[in-house]
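Here is a short briefing on one protein structure. Look at the sequence and the model, then read the points below.

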Amino acid sequence: MLKKFRNKKTQKKIWIIMAILILPAFLFWGTGSIMRSQKGPNYAGRIKGRKISLQGFQDALRATRNQALIIWGDDFFKLEKQINLEGQAWDRLLLLNEANRRRIKVSDAEVRDQIKSYPFFQKNSQFDLGAYERLLRFMFSVQPREFEEQTRDNIKIRKLYGIITSGVKLTEEQIKNEYKKEYEEARVDYLSAIPADFLNATQIEEKEMEDYFKNNALEFKKPESFNLQYLEMLYPADAKEADIRNTDEKAKSIFLKLTRERDMSKVAREVSLEAKETGFFSLNDPIPGIGWSVEVTNIVTKLKPGQLSPPIHTPKGWYFIKLKEKREPRIPIFQEVKNQAREKLNQTKAKAIAKKKIESAFSKIKDMYKISPASVDFNKLTKEFNLKSGETQFFKRASYIPTIGTSDKFFDALSKIKVGEICPVLEMEQGFYIIRLKQWKAINEEQYLKDKEDFSDRLLVFNKEKVFVEFLENLRKEADLEINITKARPLF
């Protein structure tokens, strides 16, 4: 234990930085807890060929959990099921591997100062040894020595973060441009041609559908699909801790039975559950009877027909699955997808009609605008070309415009014109649009000067985060990471 604490000025709080280190794992790793597979290597995995022992991974997992406790406080217990501690533990190992490769060192004094700075170890703004020992025992569930080494590693990662992001700077121009993007507003009126409005205006012959299918066969390709046999043991509604423990114990018993008895239906009858079957589904679809489940789909692709998976823990409870059948990707025959071909061809034709109508309208607008901009009447043009017209309220970049979609494309086009001018045809998610800039709200320069310091601080953190996330992505790619543990809540 680090027995002595010097009276140094405490360091700047690191919550934001540590939060940055946690967030990427939500994006790149699946969810669920860990369980050692029933067969296979007796180590957790490899990083660049170096074995990570099961104990080493468990140490990283405990450190990751304690780091999450420090960041989230009491909210951790509400968020625990949503925080992917396993993925973050692997990221922690990757980052520490890189920090050690760079020979980043952390002194005992730095560790002492960091621990002293945590407010939950303080009483009357002073470090309190009693609070420290109590919280380590009852909250963090670690001995002082282990917590101090976890803290040392946290500081190593923080120093690595500082090295990687040290070159990130902001210019006056960058700050102002980003501020403009966030606070400028526009209001427009528009003409629109929505393909969905012209679906009934098309005519489709059988030969056209067959030709469309032949020319676009890959559009109809059926992905790899799976048929699962499964048992589910769900937690009771409003389950208490005792209910959860009881369910977990039953799940352990069921899994042991399934490993001894290959007939899932027989086991289901013995434990008063129903053996169910999903029918064929692809990974792009919800699993019939189960719904969307990252925990299940992460395992399905690794199974062979007839193989039982390890028990799978989800927020709803436990699943025991066996891959019954698997279909490889294939291109179906025309008759299988005839209706789908009709629908796709109908949509293609409707889109072509919408595009032709709005391009004709824009051609007329250009001629009218040359004579008199004031003569361009969107309401009259809607009747002439069977289009729609409308007007927006003020909106910002990266906002949502009701019935139209995200505003980014509109803003990109509006940045090139002045009030009263009209943009060329824009293709949006819903259809095609001609927009006219009615009003533009520039930023308030006085407000900008007031906001500048705080805004630039936030922007700098954001830009550093982007750089560090990219760095972490590259570490993952280069790590040649091998994971020998299954994502499932431990039963043993």
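How many aromatic pairs does the structure hold? It holds 28. Rings of Phe, Tyr and Trp (its six-membered ring) pair if their centres lie within 6.5 Å; planes under 30 degrees apart count as stacked, over 60 as edge-to-face and the rest as tilted. This is a predicted model: local features need pLDDT of at least 70, side-chain atom pairs count only at pLDDT 80 or more, and totals for chains, interfaces and linings use all residues. Residues are numbered from 1 along each chain as its sequence is written, and side-chain values use heavy atoms, with hydrogens and water left out.

**Aromatic pairs**

- Tyr132 and Phe147 form an edge-to-face pair, 6.3 Å centre to centre, with 70° between the planes.
- This pair links distant parts of the chain: Tyr132 is in helix 7 and Phe147 in helix 8, 15 residues apart. Helices (H or I, at least four residues) and strands (E, at least two) are DSSP runs, numbered from the N terminus.
- Tyr132 is buried, with a relative accessible area of 0%. Phe147 is buried at 1%. Buried means under 20% relative accessible area, exposed over 50%, and partly exposed in between (1.4 Å probe, protein chains only).
- Tyr179 and Tyr448 also pair edge-to-face, at 4.9 Å centre to centre and 65° between the planes.
- Tyr179 lies in helix 9 (residues 172-183) and Tyr448 in helix 17 (residues 445-478), so this pair ties together parts that are 269 residues apart in sequence.
- Tyr179 counts as buried at 3% relative accessibility, and Tyr448 is buried at 4%.
- One aromatic cluster is formed by Tyr118, Phe120, Phe121, Phe127, Tyr132, Phe140 and Phe147.

**The largest nonpolar core**

- The largest nonpolar core has 30 residues. Such a core is a set of buried Ala, Val, Leu, Ile, Met, Phe, Trp, Tyr and Cys residues joined through side-chain atoms within 4.5 Å.
- Phe57, Phe121, Phe140 and Phe147 have the most contacts inside this core.
- Strand 2 (43-47) and helices 3 (54-72), 5 (85-101), 6 (108-117), 7 (129-140) and 8 (144-165) each supply at least two of its residues.
- Helix 3 gives the most, with six residues.

- In helix 10 (residues 206-215), Met209, Tyr212 and Phe213 are buried.
- Seen down the helix axis, these buried residues fall within an arc of 100°, so they line one face of helix 10. The arc is that of the directions from the helix axis to the C-beta atoms.
- An α-helix has 3.6 residues a turn, so residues three or four places apart point the same way.
- On the other side of helix 10, Lys207, Lys214 and Asn215 are exposed.
- Helix 14 (338-371) is included in what covers the buried residues of helix 10. Contact means heavy atoms within 4.5 Å.

**Charges over rings**

- The charged end of Arg327 sits over the ring of Phe280, 3.8 Å from its centre.
- The charged end of Lys441 sits over the ring of Phe394, 4.3 Å from its centre.
- A charge sits over a ring if NZ of Lys or CZ of Arg is within 6 Å of the ring centre and within 35 degrees of the ring normal.

- Ser192 is found in strand 6 (residues 185-193). Ser192 counts as buried at 4% relative accessibility.
- Not counting residues up to four places away in sequence, Ser192 touches Ile358, Leu387, Lys388, Phe432 and Tyr433.
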